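Good morning, colleagues. Please look at the sequence and the structure first.

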Amino acid sequence: MRNKSLYIYGVIFAALAVAPLFLNPYWVDVLNNVGLYAILGLSLNLIVGHAGLFNLGHAAFFAVGAYTAAILNTQFAIPVLWLLPVCALAAGLFAAVIARPIIHLRGDYLCIVTIGVGEILRIALTNDIFGVTGGPNGIFGISRPTVFGYVIRRPHEFYYLIGAFLMITIFLFHRLENSRFGRAVNYLREDETAAEGSGIDTSHYKLAVFVLGAAWAGMAGDIFAAKMTIIAPESFSFWESVVMFAIVILGGSGSIPGVLLGAVLFVGLPEAFRDFADARMLIFGAAMVVMMIVRTEGILPQRPRLYPLPGPGGAGGKP
Amino acid sequence: MEEFFQQLTNGLAVGSIYALIALGYTMVYGVLKLINFAHGDLFTIGAYLGMTLLASFALHETIGPFLGLVVLALMVMGLVAVLGAIVERTAYRPLRESPRLSAVVSALGASIFLQNAVMLIYGARFQVYPEGLVPETSVDLFGLYVPVVRILVLFVSLALMAGLYAFIQKTRIGTAIRAAAIDQDAARLMGIDVNRVILLVFLIGPALGGAAGLLVGMQYGQINFTMGWTYGMKAFTAAILGGIGNIPGAMLGGILLGVIEALGSAYISIAWKDAIAFFVLILILIVRPTGLLGERVADKI
Amino acid sequence: MKKTLFFLLACCFLTGMAHAQDTVKIGLMAPLTGSFASEGAEMKQVLELLAADLNAKGGLLGKKVELIVDDDGSDARTAALAAQRLTTKGVVAVIGTYGSSVTEASQTIFNEARIVQIANGSTAIRLSEKNLKYFFRTCPRDDEQGKVAVDAIVKTKAKKVAILHDNSTYAKGLADEVKAPLEKKGIKVVFFDALTPKQSDYTAVLTKMKGAGPELVFFTGYYSEAGLLLKQAKQMNWKVPFMGGDATYNTDLVKLAGKEAVTGFSFVMPPLPKYLPSKQAKAFLAAFKKKYGSEPSSPYSVLAGDGFRVVAAAIAQAKTTDADKLAGYLKTQFKDKDALTGTISFNAKGDRVGDVYRYFKFDSRGEIALQK
């Protein structure tokens, strides 16, 4: 079983690695968007999928990262890729400040507060807060990223940059899932009271996972800013948060392959429906409902953890 | 001071519409614990249906303006209610036993579908209600100019809310709805047909939303296919502000939100209006984590 | 699942390659969904009409013209994808698009792909200040419009003016362009703020503005909000004159605000074909009315039409579809050509030259009349 899925992933990986050689720039750019949303989806998956916190304002952290990168790059000419940790720090700090007083709110109350934070931030950016965000115009002239002196400019070059970042994300988050931290967070999603009873400091864990997810979205924001070279408040609207949220739930809450597939569907389908012109979003909405009904747990839901029983001779028995 | 009272009436007028839509969110939430994101679009459809029916039957001209509008309102409410029930059947019922957030995504999908359906049927342009439907004049209330249509809208929405409140509190069916909201299983054991209750909630909520759409159309004259998104978000905020699941809470939350917006734009900044509203909401939730009238729910042990 | 998807992607690519170049492909990037969907729909109508007309007359360079329409979703990220997609379809030029920030997201993509882009609604100044070789626009810039608006405001003799925008790139830009010169001329700007677009109740905004006591309100936003402002100001019994930027006009404005409320409302705008004497304008108007049943409602769709005509004329005259030659021709040889919205020439930046804006006012019949 394990070998088979490894084999499948290997084939997909190999196919994706050479994909830009066969695809035109448009489809490569679609894949870039898929990759970017996959990273965002995975970061939100920590918060929504693993900890069960109802966050519909993830675009705010994405925006903090993007604006941090844009401001520091255009004002002080710091290369965008160097800014990755700074963006993570800024978004994480922002998340920590706002999450501390609200993290104890129950599900749907938390949902509206995260929506509210997203909207407040967007309005603040539009109104040119502190005179550095450029108001509705946003910030333009963000420089392209350079890797060892090589300027990344074309879609297929970005493809490998985003791809590499996505691979690192998948690897780290996979490790995190199976760590003590990951298990504790899952426990508090399943039954908060029981988790607390077992000695898990629930608000500490919730806050930690929230900040981590936000920081990761901040780094995605940095790459987004570098890719677009112009950012404006409307790129971080409520709709973006909805897309990220739907990617997680539709793909399969808590499951990395699920979220990846969710990103493919959510970014890929509207593109595939382009030939329907003005009816494309109608079909997309219907597809969302149908997919949710057919796979109520998401397309590839998180599999329950299986731990081998210690059998004779220490060999793992079948669970 | 005069400006303050003028802004207060402005806020009340907007708030009463928010309240009417918020009722639909809160009722559905009360029974199903589901945020019905498609509710805002049912409101839009109410506004468009009102326009179509006005144009095709012109009831206000044949059987008199008052009776005509009443019949029109009943038709719109009935049609939107049926549509609400259809949405429940197709998009929510299959997901009733599944994780709650799955139903939220289905609701978002339904919302996108309905919004784009309206765009494809009526076109993306702004649509306009016929002129001369309601008196265009204003009355002088202690030195304040208040358009007659606003007073009308305010009274209609208050009457609808009062009617709903009486229905929920005083009738047997209303009691059944309240029982199902508290504990579905217990309600079922008491012989209440919970499926019927849910159906009923999905008839009443959208009917009120449809009525709100009609009122907005009559009052402001112009409607567009994305209006459900903006109004829906405000109404949802209002429902949370009052304590979601709580019917008087939705009314209070709606009116309060309207007033906060008006006073916020008057005394702080117009451009920051929505941000101020959300900021107040967050402050209130920090102090009262379950909204103004929401009950504290103890965690199960 | 992923494999099938990959396979599909590969198929798309292959079919894309299989198309031979037997037509001249002209792209249209327009907002077919999202908040400006109504503008996009009309842009598409105008271009389809003009393309059919051109093909009936034999097309270009002996080939048929094929229109390739793509949706920018009124949003920058979607626009960047739409632009990438158009570049892979072999278009020789692209018309579009409406919003300035949306256009900005596509500019570099077209420029790097060596495709002539002719924007029709993006009036932000900085778009043509980046030395892009293949970028043109048929709409004038905000500073141009600002000048005309300031002149019009000065003529009204108002001493205290309220300026209201809606925090969109375009409206904020125009508001800024107007504010400074007014203050220099000694006219006081007593109110400067932004409303939140897409709502139906602006009474709170109006009440606050009324408190500031302006003699004229200049609104730089879009027509749906303009309609509501006019209507609600009238309901409030506030009789201040309103003036607007070019996005406040649409043939629907009279319906939205009502005849009475719209009386006396003035605005600056590139003229609709209806107000132009030229033969082309009249013929176009008749054809449009015949095909779609009504007149075009927005000047921007007509400006998109002008973009198409400019491209077609350039290809026919320069006898090539090479982007360098087309851009060179447009900048140096294309002078004072008759268009649907007056005459068109371009300067070295790709901006349209000449005064396009006119000052209009609504009379009591709900008709607009050109003001001197």
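Let me begin with chain C, which is divided into domain 1 (22-140 + 277-344) and domain 2 (143-269); such bounds come from an automatic or database domain assignment. Before going further, I note that this is a predicted model, in which local features need pLDDT of at least 70, side-chain atom pairs count only at pLDDT 80 or more, and totals for chains, interfaces and linings use all residues. Residues are numbered from 1 along each chain as its sequence is written, chains are lettered from A and ligands numbered from 1 in the order in which they are written, and side-chain values use heavy atoms, with hydrogens and water left out.

Taken over C-alpha atoms, the centres of domain 1 and domain 2 of chain C are separated by 30 Å. Contact, meaning heavy atoms within 4.5 Å, involves 15 residues of domain 1 of chain C and 13 residues of domain 2 of chain C. The two domains of chain C bury about 1,100 Å² between them, with 56% of it on carbon and sulfur atoms. Buried area here is the accessible area (1.4 Å probe) that two parts lose on being put together, summed over both.

Next, the interface of chain C with chain B. Chain C contributes 37 residues to the contact and chain B contributes 36 residues. Between them, chain C and chain B bury about 3,100 Å², 50% of it on carbon and sulfur atoms. On the chain C side, the most area is lost to chain B by Lys198(C), Lys208(C) and Gln235(C), together 18% of what that side buries.

I turn now to helix packing. Helices (H or I, at least four residues) and strands (E, at least two) are DSSP runs, numbered from the N terminus. Axes are lines fitted to C-alpha atoms, for helices over the stretch in contact, and angles run from 0 to 180 degrees between N-to-C directions.

In chain A, helix H2 (residues 25-50) and helix H9 (residues 202-228) pack at about 165 degrees, their axes 7 Å apart. H2(A) is therefore roughly antiparallel to H9(A); angles under 35 degrees count as roughly parallel, over 145 as roughly antiparallel, 65 to 115 as roughly perpendicular and the rest as oblique. The contact of H2(A) with H9(A) comprises 14 nonpolar, four polar and two charged residues. In this classification, Ala, Val, Leu, Ile, Met, Phe, Trp, Tyr, Cys and Pro count as nonpolar, Asp, Glu, Lys and Arg as charged, and the others, Gly among them, as polar.

How are H12(C) and H13(C) oriented to each other? Helix H12 (residues 299-318) and helix H13 (residues 323-332) of chain C pack at about 105 degrees, with axes 10 Å apart, and are therefore roughly perpendicular. Val310(C), Ala314(C), Ile315(C), Gln317(C) and Ala318(C) of H12(C) meet Leu326(C), Tyr329(C) and Leu330(C) of H13(C). Seven of these residues are nonpolar, one is polar and none is charged.

Finally, the backbone. Gly96(C) and Thr97(C) are joined by a cis peptide bond, with omega about 10 degrees; Thr97(C) lies in the loop between strand E3 (93-95) and helix H4 (100-112) of chain C. Thr229(A), although not a glycine, has a positive phi of about 65 degrees, and is placed in the loop between H9 and strand E4 (230-231) of chain A.
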